[in-house]
Amino acid sequence: MDETLIAVKGLNRSFTSGNSERVVVLRDVDCEIRSGARIALVGPSGSGKTTLLHILGGLDRPTSGMVYWPGLGAFEQLRPRMIGVVFQSPSLFPALTAAQNVALPLILAGEAGGAEAEAASLLDALGLGDLADKLPEELSGGQAQRVAMARALAIGPRLILADEPTGQLDSVTAQLFFDTVLEVLEGANTALVVATHDNAIAQRMDTCWVMDHGHVNSPFPQ
Amino acid sequence: MILIWLRGVLTHRLFRVAGAAAGIALAVGLLAILTLFLASASASMTERAASAVPIDWQVQVVSSRDTEAIGKTLAQIPKVKAVHRARYADIAGFQAKTGGTTQTTGPGQVVTFDEGYASDFPAEVRVLSGGGVGVLIAQQTAANLHVGPGDTVTINRTGLGPADVKVAGVVDLPDADSLFQAVGLPPQAAPQAPPDNVLILPGAQWEGLFSPQQQARPDTIRQQLHVRLKHDALPSDPVSAFTYVTGMERNFEAKVAGKALVADNLGSRLGAVREDALYATVLFLFLGLPGVALAVAITFAVTSSGAARRRIEQSLLRVRGAATKRILLLSAAEAAVAALTGVVLGLVGAVLFARGVPSLRTAAISDPRLLLVALAGLLLGFAAFLLPAWWDVSRKTAGAARRSVVRQYLPLWRRLWLGVALIVAAALFFWMSASTGYQIVLAPEGVAATSVDYKAFIVPALFWLGVALLTLHLCAYLIGQNGALLRAMVAPAAGPLTTIVAAALSKQSGRLAIGIAMTALAVSFAVSTAIFNTTYNAQARVDAELMNGSDVTVSGTSDRPAGPHRAILASLPEAAFAEPMQHRFAYVGADLQDLYGIDPARIGRVTSLSDAYFSGGNAVDTMKRLAASPDGVLVSEETVQDFQLQQGDTINLRLLSAKDHQYHAVPFKFIGVAREFPTAPKDSFLVANATYVARTTGTDVSEYVLLRAKGDPAMLAREARSVLQSYPSLKITDVGQAAHLIGSSLTAVDLGGLTTIELGFAVLMAAAAAGLMLALGFVERRRNFAILDAIGAKPWQLASFLWGEGILVVAGGFVFGSVSGIVTAWMLVKLLTGVFDPPPEALSVPWCYLFAVLCFVAGSVVAAVLLARPSAGHDAEHLRDF
């Protein structure tokens, strides 16, 4: 079913820096994400991609404007069931193994039974089976990001927000990994918004939002 | 760059720097307070010792011709405050006719003091009845002669005819042992008992009666110069004061070159107090140093809790070309801020506290040793920051330093079970101390040098270190195993997340074990100090009651006994029980000893009889045996040795008969040994059935009445004084007064004040160890909790990780801490046996305080958990961290 998952109207976000200067990161952003969408969010560094992803995921609040999640339920229910998040920097829980990290959203959602087995299975599907028992510090940056993606996929969310998920991978590995992710997402009608500098990844997405000094161009589905 | 670095550190790591400063402040504050207390206690001990000496020096003039010259020499000593002359005449005996009979005593002495003697030596003569001017007769002599004010006594002078004098008053000579001591005897000579019969005459009367005796028999007349020194000129600590006084005395002896012999009473008293002063030092060190060590450990733990982040920061600096010297300089700058802040806070806190404690002497605040304390605090601060920084920089590659969580390899001390080895070593040293009777303080008589057997410190030091390592070892193992015990402990907080929480905690077993061990040490410090303090107070109370007899004691004489007033005293509102007790005198061979006549079945109602008072049996059994043997008597061990007594032997004691006022032999049966007895002196004494004594002496008069109070003994004493104000000869004392007069001057130490402070510190440090360690760990992992929140953890799920850590710290800390605290207290009580008189039979445990410690520790953990919960809306900021 093609429904609106998230709608944003007149979104502004600004921060006050250490020397009390006001920095406007997002200006008058209007956008909409539908179920099953494939959206690439591109733009230079500092253009507000990460901030927009955080607001879409409910991790941050806008300074002004409105954000709705009509297709995802109440705000408190967004994570982990509805939205999976992959951060720009490695975000694995350092004291848990890769498999335990992947199982974490399932356990947090109250589905602890079989969570680790399911996590191991997902890691295998993504070609990361041999990393299951390793601690995050024993993984390379690229491996950690792939495990983080597996964690985001574990619970089968309706939307995944990924911030540079292939940033630390070489181009071949990035392509292969992204192919696997799209395969996993194919049948689940899960929307995917990826912030990326990788043109190859961006071109594989259906829609491209270009961030430019806080504005989002071409935000609506085509 | 240093300023930029410092600004960054203070902006983003303020909590850690503040935590380190707090640890340093705790260490410095506690050390400073210990120093102030020790200085104040030493000064108090010296002052109390000096004030307890009625006559500082007794200078016996060899030839009366030299009296004036020797007096001048004494007056020229700058520290001499007053010099008075006392003259003694030996006489063949006294005689008095009363009630149609003539009483005669054995040999005695007639004494006179010069003008103004009473004002400078007020404690020598206490008037019991009649006037204080004129012919004064000692209490025992009056009893022997059956005379009172207004009666005539005949003095049988040596080598001359008798002389009659009229008695003006009856007096007590509280310092008779010292007043009549034989001056110039070798130190190893046995102490001589004071004369049984004494009369005091005015100077002119004495002159008239005994100048002829001095001509005829100069060997029977002695002259002494009694000296009062300026006590405020003495050094404050007893050891220095002892050296000072004895040095002054020897200097005087050298000046008079054999013309006088000196009995240095003040020096002797200070010599006895030296041992107590050293015990006070040992007590402070035993009780206080663990707290200081713990504060040092907390400081190091605080600085090391950020080790992961510090290593990463240093590795980044090294990657960018910073040399070792630069990195250490930056750490030193951070250390300087924490150290200076901590030292200032600690010292200011200690001084402010000291000003608010009435018993702490103001002069102690300017004690120069506080500078050493400040220096120690600075060294601690720099070491806590620089040592770990130097270790990382010199031993790890930049890459290795970047790891924050690594697989743990078993360190050598764990593989060797070093904790167990240290505990076993402590047990061995403890056993060795036991074999020497726990003599840790040595202050030989007459020798200036004193020593402390500091090897005794090895026992608690090894035990503490061993317990810390064993706690670390066991906790790291149990937590790292992620077994059923760990899951069971976190399950109440984690619920369905138990497996994940336990897994997460098991990977942090090292950090958690340190937190548990720190908390355990703090709890152990609190528990051991509290138990020792409570046991000490209980024994101090036992000692005070031993000295005073009961809560309140009304003391009379055979002439004016307290017994007739028993009924009215028992009816006082604050009185629970009142029992009479006889206090007579009996000759055992040639030795006059105190005899106490009691009702063994009822004496326990008014006084506590400890098993330690009696040899070879407990107090209850001993009293039962005495009750079962009407003619039974308990004697001292010395008497048993002197007379080679066996159980059941008959011993003839000579008691004074009321019928003819003569001493007659009365047979008693030896049934046991009494080492101590309420109101009894330290030397030999006897305890017998009052009914038998009354029957064989013809009088059932009870000289004493012992009172047990319902509530406050001081209030009961006030009531007693009120009803007995018409009887000034009756002396009323309560147990609180006795506590200040106990022979051991350790009561001057104000152990209660010190341990209150230590207990307060212990609670603070227990709370700091638990809460700070958890809080700093949480601060360090705020981003991780932000990640958990970002992937959908509910607030209660986040909290379960925090509560899980908290449960481990509180439970582990309290279990290990309580067990080690109780064992430590038991060891301290044994090692410091010399502090107790008598030694305690069992430890006294302050359950309420221990419960309060648990509440504080748990409270600080709760506060840390509540503070560490992530606040809404700041997830994104923390996600940007790093």
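**Salt bridges, strand pairing and the chain interface**

Glu68(B) is exposed, with a relative accessible area of 60%. The model described here is predicted. Lys72(B) is likewise exposed, at a relative accessible area of 53%. The two residues form a salt bridge, in which the closest N and O atoms are 4.0 Å apart. Both belong to helix α3 (residues 67-76) of chain B. Because they are four residues apart in that helix, about one helical turn separates them.

Over all chains, the structure holds 17 salt bridges. Another of them brings together the side chains of Glu579(B) and Arg605(B), with an N to O distance of 3.1 Å. This pair links distant parts of the chain, 26 residues apart. Glu579(B) lies in strand β16 (residues 575-588) of chain B. Arg605(B) lies in the loop between β17 (591-598) and β18 (614-615) of chain B. The two ends of the bridge fall into separate accessibility classes. Glu579(B) counts as buried, at 4% relative accessibility, whereas Arg605(B) counts as partly exposed, at 33%.

Strand β16 of chain B also contains Arg584(B). The side chain of Arg584(B) meets that of Glu703(B) in a salt bridge of 3.0 Å, N to O. Glu703(B) is buried, with a relative accessible area of 1%. Arg584(B) also counts as buried, at 9% relative accessibility. Elsewhere, salt bridges with shared partners join Glu545(B), Asp551(B) and Arg708(B) into one network.

Thr553(B) was examined next. It is found in strand β15 (residues 552-555) of chain B. Its relative accessible area is 1%, so Thr553(B) is buried. A polar atom of the Thr553(B) side chain lies 2.5 Å from the backbone oxygen of Asn548(B). Leaving aside residues up to four places away in sequence, Thr553(B) touches Asn548(B), Val705(B), Leu706(B), Lys731(B), Ile732(B) and Thr733(B).

Strand β2 (residues 80-98) of chain B has several pairing partners. Nine bridges join β2(B) to strand β11 (residues 221-229) of chain B, and the two run antiparallel. In this pairing, His84(B) stands opposite His226(B). Six bridges connect β2(B) with strand β4 (residues 108-113) of chain B, again antiparallel. Ala89(B) has Val110(B) as its bridge partner in β4(B). Strand β7 (residues 152-157) of chain B is joined to β2(B) by four bridges, in antiparallel fashion. There, Gly93(B) is partnered by Asn156(B). Four bridges also join β2(B) to the antiparallel strand β3 (residues 101-104) of chain B. Lys97(B) stands opposite Thr102(B) in β3(B). The hairpin of β2(B) and β3(B) has two residues between the strands, and Gly99(B) takes a positive phi near 60° in it.

Positive phi values also occur in residues other than glycine. Phi of His213(A) is near 50°, and that of Thr679(B) is near 75°. Both residues lie in loops. His213(A) is in the loop between β8 (207-212) and β9 (215-217) of chain A. Thr679(B) is in the loop between β21 (663-674) and β22 (685-689) of chain B. His213(A) is exposed, with a relative accessible area of 64%. Thr679(B) is buried, with a relative accessible area of 17%.

The interface between the chains involves 28 residues of chain B and 27 residues of chain A. The buried area is about 2600 Å², and carbon and sulfur atoms give 63% of it. Zero salt bridges are counted between chain B and chain A. One residue pair is in polar contact, with both residues at pLDDT 80 or more. On the side of chain B that touches chain A, at least two residues each come from α18 (498-506), α27 (782-790), α28 (795-831) and α30 (875-879). Helix α27(B) gives the most to this side, with six residues. The residues of this side of chain B comprise 14 nonpolar, five polar and nine charged.

Key. Residues are numbered from 1 along each chain as its sequence is written. Chains are lettered from A and ligands numbered from 1 in the order in which they are written. This is a predicted model: local features need pLDDT of at least 70, side-chain atom pairs count only at pLDDT 80 or more; totals for chains, interfaces and linings use all residues. Side-chain values use heavy atoms; hydrogens and water are left out. Buried means under 20% relative accessible area, exposed over 50%, partly exposed in between (1.4 Å probe, protein chains only). Contact means heavy atoms within 4.5 Å. Buried area is the accessible area (1.4 Å probe) that two parts lose on being put together, summed over both. A polar contact is a pair of N or O atoms within 3.5 Å; within protein, one must be able to donate a hydrogen and the other to accept it, and residues adjacent in sequence count only if both atoms are side-chain atoms. Ala, Val, Leu, Ile, Met, Phe, Trp, Tyr, Cys and Pro count as nonpolar, Asp, Glu, Lys and Arg as charged, and the others, Gly among them, as polar. Two strands pair if DSSP finds at least two bridges between them.
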